[in-house]
Amino acid sequence: MKQIKTSLFIILLASCIWSCGNNKENDLPDTSEKEYILNAEVTNKANGTAEVNNSDKRITVRNIKKKEGWHNVRIKLTLAQFVYMIDPLQQENEYNLTGRNIRIKVRYGAAGGKEIAYDISIEEAGENEVDPQTKGWTETTEFGPLPEGIRIYMSPDELLGKKVRACIAVVDMVKGHKFVIHGGEVDGLRTPDDFYEEKKSPLIINGSYFYSTWNVGLLVKNGKFIRANSREVARKGPDGTDVTYYPTRGVFGLTQDGTYRVDWVYTLDNITYGYPQPSPVVPGQTPPPPPSSAYPAEGEEMTWQDAIGAGPVLVKNSEIRNTWQEEILDDEGGIQPNNNHPRTAIGITETLKMIYFVCEGRNATPDVPGMTTGNVAEIMLELGCTDALNLDGGGSTCMIVNGKQTIKTSNTNGAQRAVATVLAIE
């Protein structure tokens, strides 16, 4: 009898211990902000990445091209403490993501605990879509929280054989962000910080070239034409005397049909024409005819919603162009395209990722010389840009994220230069 009582006591004690442990786990704090899934990793697709959003209960798989197969994407999940898989049972599984979302379930706590469902979806990658991290860029959150679809990356220590310090912002325009140009309507200069204090845009880079206190590049804002690119430039001709050339120069913008693009343009009689190829200007040689509706070939009247002129065009239709010679953006004009300097550029990918690029130069960070426009063209193409345009650089180069400067300027004491325009995302 004593032995039976002892056995019953042991069973009851074990049951109590299990029950207490079970209750303790089920009594864990219930919060929708908890990170139930800590990490997701694509393990069988070389360029595939996965991001967990615990607030929206979503796992997004990116950078897998359709031709690589979306039907057997293997994903490995890392779960938080006291979180268990329910459906499926394993933390690493293959999923068929072709044309549909997949729902999985985890449980927070022991048997009977809270069940949470997550949707797994794929974000299609275009043929030229690139994850900057596969190119050595490191995503950073040091500039604070940003709206969904805006990511900031810092460069590796070296690019194209040069020591470099650069920053890019990658903005998913499909998420409803707006490309905005601040400034330029009237004469006057302000620093990027000044623009931020006024507009509070989460992302700002310096914009076009300027002279004295006014913007000198084409400018269209909210469908209103404000200013044209420079129409003529004087350089030495074949006989050594000054000759007038009429270059077609680069523009980046959003057309009224909703397309982001880069073009070589020329404004004539208040009509701006865009061309698939630049006018074949070569300083020192006989000037070609002034641009018109018929020359260069296949010109079309442009109807911009928002656009800014600068140059040279770096990338067009996924090809490096770097047409500084045709645009007469040479040493004499101050661009010094083949020398190392701080640079700023903007580009767009085929899946509507807008890329803002800035790099340091002139040894603002020791031994960081800067980049040529050709270097920047290579980098923008490597990052997946189908079109890209060089913007004002040198002492103007600056990127502001949440009011914080991402790289050093090349000016005395690191001061920001006052500029005529900035480009922003809202």
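1. Basis of the note. The model is predicted, so that local features need a pLDDT of at least 70 and side-chain atom pairs count only at pLDDT 80 or more, while totals for chains, interfaces and linings use all residues. Residues are numbered from 1 along each chain as its sequence is written, and side-chain values use heavy atoms, with hydrogens and water left out.

2. Confidence. The mean pLDDT (the predictor's confidence in each residue, from 0 to 100) of the protein chain is 91, and 90% of its residues reach 70 or more. Over residues 4-23, however, the pLDDT is below 50, and beyond near neighbours in sequence this stretch has 2 contacts in the model, a contact being heavy atoms within 4.5 Å. Where pLDDT is low, the predicted coordinates should not be read in detail.

3. The open sheet. Helices (H or I, at least four residues) and strands (E, at least two) are DSSP runs numbered from the N terminus, and two strands pair if DSSP finds at least two bridges between them. On these terms, 7 strands form an open sheet in the order β19-β18-β26-β22-β23-β24-β25, with antiparallel pairing. Its edge strands are β19 (224-227) and β25, each of which pairs on one side only. Within the sheet, strand β22 (residues 249-255) and strand β23 (residues 260-268) run antiparallel and are joined by 6 bridges, and F252 stands opposite V262 in β23.

4. The surroundings of F252. Which residues touch the most other members of the largest nonpolar core? In this core of 36 residues they are F179, F252, I346, M354, Y356, M399 and L423, where a nonpolar core is a set of buried Ala, Val, Leu, Ile, Met, Phe, Trp, Tyr and Cys residues joined through side-chain atoms within 4.5 Å. A second, separate core of 26 residues includes V52, V61, A80 and I102. Leaving aside neighbours within four places in sequence, F252 is in contact with a set of residues that includes F179, Y260, V262, I308, I346, M354 and L389. F252 is buried, with a relative accessible area of 0%; buried here means under 20% relative accessible area, exposed over 50%, and partly exposed in between (1.4 Å probe, protein chains only).

5. Aromatic pairs. The structure holds 5 aromatic pairs; rings of Phe, Tyr and Trp (its six-membered ring) pair if their centres lie within 6.5 Å, and planes under 30 degrees apart count as stacked, over 60 as edge-to-face and the rest as tilted. F179 and F252 form an edge-to-face pair, 5.5 Å centre to centre with 80° between the planes. This pair links distant parts of the chain, with F179 in strand β14 (residues 179-183) and F252 in strand β22, 73 residues apart. The rings of F252 and Y260 have their centres 6.4 Å apart and their planes at 20°, so this second pair is stacked. Y260, at 14% relative accessibility, counts as buried, and F179, F252 and Y260 form one aromatic cluster.

6. Backbone details. Most residues other than glycine have a negative phi, and most peptide bonds are trans. Another cis peptide bond joins G311 and P312, with omega about 5°, and P312 has its place in the loop between β26 (304-309) and β27 (313-316). R362, which is not a glycine, has a positive phi of about 60°, and the phi of N363 is likewise positive, near 60°.

7. Helix α3. Is this helix, which spans residues 373-382, mostly covered or mostly uncovered? It is mostly covered, since 7 of its 10 residues are buried, namely T373, G374, N375, V376, A377, I379 and M380. The helix α3 is followed by G384, whose phi is positive, near 100°.

8. Cysteines. A search of the whole structure finds 0 disulfides, a disulfide being a pair of cysteine sulfur atoms within 2.5 Å. For C385 the nearest cysteine sulfur, that of C167, is 14 Å away, and for C398 the nearest, again that of C167, is 10 Å away. C385 counts as buried at 1% relative accessibility, and C398 is buried with a relative accessible area of 2%.
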